[in-house]
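Subject: Structure to look through

Hi,

Here is the structure I promised to pass on. Have a look at it first, and then read my notes below.

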Amino acid sequence: MAAEGVPTVKCLVWDLDDTVWDGVVLEGDEPVPFPHVPGVLRALDERGILHAVVSRGDHDVATAHLEAHGLEEWFCAARIGWGAKSAALSRIADALNIGLDTVAFIDNDPAERAEVAAALPLVRCYPAEAAADLPERPEFRPAHVTAEAAGRRQLYRTEWRRRRAEEESGGDRRAFLASLDLVMEVAPATEADLARASELTVRTHQLNSTGLTYDEDELRKLAASPDHQVRLARLTDRFGDYGIIGLSVTELTPDDAVLRLLLMSCRVASRGVGGLLLAHLVREARSGGRRAVAHFLPTSVNRTMLVTLRFAGFTPVDEPSAGGAPLVLAVPDDHPLPELAGPARLLIRDA
Amino acid sequence: MSHGSEPIADAAPGAGAEQITEEITGFLTDALRRPIGPDDDYFELGLVDSLFALELVTYVEQRFALTVEVEDLDLDSFRTAHRLTEFVRRKTGADAGRRTHVGDH
């Protein structure tokens with residue numbers, strides 16, 4: 001576990017010359033990667049930590065050299081040029097949608113490290129000779145290592161190809177979404193999913209109705225409880241798998257199906273599938289003879305979820321209560337059964 | 001947003017419904033990158049995702065200097081530019097006939 005209050009690293013950004021390989025890559029010069037580097041790349045990748053490149057020189061030459069040594073596939077972003085490295089690091093953090101406090105930077109040049117440290121004090125900087133020992137350090141040991149975490153690099157590389165397809169679509173969002181062939185599958189949580197499900201409750205903040213977090217044990221008990229339903233949503237499109245992107249925890253009372261937690265990964269907020277999942281949950285509640293109820297606890301970042309709930313037909317049933325109690329919303333009985341329409345096809349798997 | 005930064009509803013009692021509708025269809029056409037008429041239901045057309053839904057609410061708040069409360073978030077008030085115009089006039093007191101609480105609440 002990492003030291004208290006210090007988040008583990010989500011992306012390690014590498015300098016290339018004299019850090020990844022022994023020398024400077026120039027045309028006609030062929031420096032060889034340091035022997036410890038491939039192992040470090042693999043070890044961190046398996047923990048879900050991403051790799052990126054910020055380096056000096058010519059982009060095409062450096063990328064070709066990475067490919068020649070079989071290293072290119074480990075990296076999900078690269079900025080190679082002559083500007084300030086701190087600026088390049090910021091842009092990579094933006095592109096990956098992660099905070100600078102989860103970015104680490106490794107470079108043999110103390111002047112480059114000093115520039116980054118001064119401009120971006122949250123970024124943790126390491127000298128090149130520390131590379132071999134990074135996997136042993138606590139900040140590179142995330143608490144949750146799931147099957148999906150290990151595939152995170154592929155998700156980001158797939159996302160990069162999607163982004164290019166969207167840019168090439170010329171801006172017609174509906175046509176772009178239709179071209180993706182989105183399929184959302186909703187199914188009860190199984191044992192194999194619990195680690196990822198728990199991770200989602202910790203990592204998802206914006207499309208999150210109550211911010212409740214559950215560890216694997218709690219989710220296992222809820223999934224087995226006759227009074228609860230734990231549902232997971234997966235999404236795929238023609239580019240590949242988004243993995244588990246949604247989670248709902250519903251408490252069943254004789255009259256109500258109470259959505260205690262609903263969350264969607266921010267990676268799919270622009271895919272129009274939040275409404276589809278809600279429509280399904282409302283229909284599921286009604287088919288069990290229950291009223292669809294949802295709790296909502298406002299934070300500084302989750303208003304998107306409130307808007308999504310309200311537009312799906314959830315209406316406040318009481319005055320906002322004081323003392324941190326959640327807002328209670330319900331779909332009125334006379335509200336029409338929502339259609340399962342949207343840009344995605346819905347597959348429903350039962351227990 | 002490309003629609004100026006000054007809220008127009010400071011002069012709300014005088015702001016005409018047509019002017020508001022025009023503002024809103026302009027915003028929608030830009031944001032959704034296709035022509036949106038005053039009665040087009042962009043929700044039914046499948047053009048709204050969670051991100052745009054919040055963007056629309058935030059636009060209305062900033063452009064017309066009002067606060068959208070939880071109970072205001074009724075899909076029927078937001079689904080077309082005409083419906084939104086009625087909502088804006090209701091909230092800003094421009095629609096005197098239905099004025100209940102002038103100003104904030």
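Let me begin with a sheet in chain A. It is an open sheet of five strands in the order E3-E2-E1-E4-E5, with parallel pairing. Here helices (H or I, at least four residues) and strands (E, at least two) are DSSP runs, numbered from the N terminus, and two strands pair if DSSP finds at least two bridges between them. At the edges sit strand E3 (75-80) and strand E5 (124-126) of chain A, each of which pairs on one side only. Ignoring direction, neighbouring strands of this sheet are turned by 20 degrees against each other on average. Strand E2 (residues 50-55) of chain A runs parallel to E3(A) and is joined to E3(A) by five bridges. In that pair, His51(A) stands opposite Phe75(A).

Before going on, two notes on the source. This is a predicted model, where local features need pLDDT of at least 70 and side-chain atom pairs count only at pLDDT 80 or more, while totals for chains, interfaces and linings use all residues. Residues are numbered from 1 along each chain as its sequence is written, and chains are lettered from A and ligands numbered from 1 in the order in which they are written.

Now for a pair of helices. Helix H8 (residues 194-203) and helix H9 (residues 216-224) of chain A pack at an angle of about 110 degrees, with their axes 9 Å apart. Axes are lines fitted to C-alpha atoms, for helices over the stretch in contact, and angles run from 0 to 180 degrees between N-to-C directions. H8(A) and H9(A) are therefore roughly perpendicular to each other (under 35 degrees would be roughly parallel, over 145 roughly antiparallel, 65 to 115 is roughly perpendicular and the rest is oblique). From H8(A), Leu194(A), Ala195(A), Ala197(A) and Ser198(A) meet Glu216(A), Leu219(A) and Arg220(A) of H9(A); contact means C-beta atoms, placed from the backbone, within 7 Å.

Chain B has four helices and zero strands. Of its 105 residues, 35% count as buried (buried is 20 or more other C-beta atoms within 10 Å of a residue's own, exposed is 12 or fewer, partly exposed is in between, with C-beta atoms placed from the backbone).

Where do the chains meet? 15 residues of chain B are in contact with 22 residues of chain A. The largest share of chain B's side, five residues, comes from helix H2 (residues 50-63) of chain B. That side of chain B divides into nine nonpolar, two polar and four charged residues (Ala, Val, Leu, Ile, Met, Phe, Trp, Tyr, Cys and Pro count as nonpolar, Asp, Glu, Lys and Arg as charged, and the others, Gly among them, as polar).

Helix H11 (residues 303-311) of chain A is mostly covered, with eight of its nine residues buried. Its cover includes helix H10 (274-287), strand E10 (291-296) and strand E12 (327-330) of chain A, together with H2 and helix H3 (75-78) of chain B. Just after H11(A), Gly313(A) takes a positive phi of about 105 degrees.

Last, a backbone detail. Most residues other than glycine have a negative phi. Asp18(A), however, has a positive phi near 65 degrees, and its place is in the loop between strand E1 (11-14) and helix H1 (37-46) of chain A. Ala65(B) also has a positive phi, about 50 degrees, and lies in the loop between H2 and H3 of chain B.

Cheers

Technical notes:
Contact = placed C-beta atoms within 7 Å.
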